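Trainee: Could you take me through the site around the ligand, step by step?

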Amino acid sequence: MSGGVQLAPSILAADFARLGEQVADAERAGVDRIHIDVMDGHFVPNLSMGAPVVNSLRRATRLPLEVHLMIENPDHFIEQFAQAGADCLIVHWEGMNDLSRTLRGIKALGRQAGVALNPATPAWALDEVLDDVDQVLVMTVNPGFSRQAFLSAMLGKIARIRRMIAQRKVACHLEVDGGIDHATAPSAVAAGADLLVAGSAIFNESDAVAAGVDRLRKATRI
Ligand code: DX5
Ligand code: ZN
């Protein structure tokens, strides 16, 4: 997408019986990557999918696949997801004993590394790792489910992290995840987000995938 703002549809909201078709629709509509939410029922109160889904999608699309790991002990699974075809692995700051080692491990596998922050985690948690990450993901809902309401209190945190990235002059995406739709995306972009995850705003029963993508694009003029 032009204007520097990218779109990453989250398949958590997709119709899993038609997953390949829905991802192909998103690719045709011009999205930039596919966001895959992995949940273990422990780190978050929900279950979702694992590496086999990444493996199947790797054969179904040319788009980069980013995997958002909402699981305990993500170190145990990183290699598996990398082998399945993930281009980017995102781990939560809250779940790590040795975040720096994990990020270096992801890079050593030749994959991009991201760090996600839950709503209650402050921007300064990134202070010592920002130089080692390819993207920061700011959760704009509490993780675990699609279709939750955007937490506008996160806008200040997005802006603070955008300033940190500018001051450090690091090449790092600033991604937002949760409750992003045509109404909330403009404020997230204005605060400094350049990568938008959207689940239910793109995959839903009332509209075609392309229509959801178009509405987001128009809302953010991207
Ligand atoms: C929530 C996930 C999100 C979720 C977003 O824990 O990380 O990626 O699928 O869904 P929406 O856009 O519907 O809030
Ligand atoms: Zn996510």
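Mentor: We call a residue near a molecule if one of its heavy atoms lies within 4 Å of it. This is a predicted model, where local features need pLDDT of at least 70, side-chain atom pairs count only at pLDDT 80 or more, and totals for chains, interfaces and linings use all residues. Residues are numbered from 1 along each chain as its sequence is written, chains are lettered from A and ligands numbered from 1 in the order in which they are written, and side-chain values use heavy atoms, with hydrogens and water left out.

Trainee: Which residues come nearest to ligand 1?
Mentor: The residues around ligand 1 number 20. Those that come nearest are G144, D177, G179, G199 and S200.

Trainee: How far is an oxygen atom of ligand 1 from a polar backbone atom of G199?
Mentor: A polar contact is a pair of N or O atoms within 3.5 Å. For S146, a polar side-chain atom lies 3.1 Å from a ligand 1 oxygen, while for R147 a backbone N or O atom lies 3.0 Å from an oxygen atom of the ligand. For the polar backbone atom of G199, the distance to an oxygen atom of ligand 1 is 2.7 Å.

Trainee: How do the residues of the shell around ligand 1 divide into nonpolar, polar and charged?
Mentor: Asp, Glu, Lys and Arg count as charged, and Gly is among the polar ones. The shell holds eight nonpolar, nine polar and three charged residues.

Terms used:
Polar contact = N/O pair within 3.5 Å; in protein donor to acceptor, adjacent residues only side chain to side chain.
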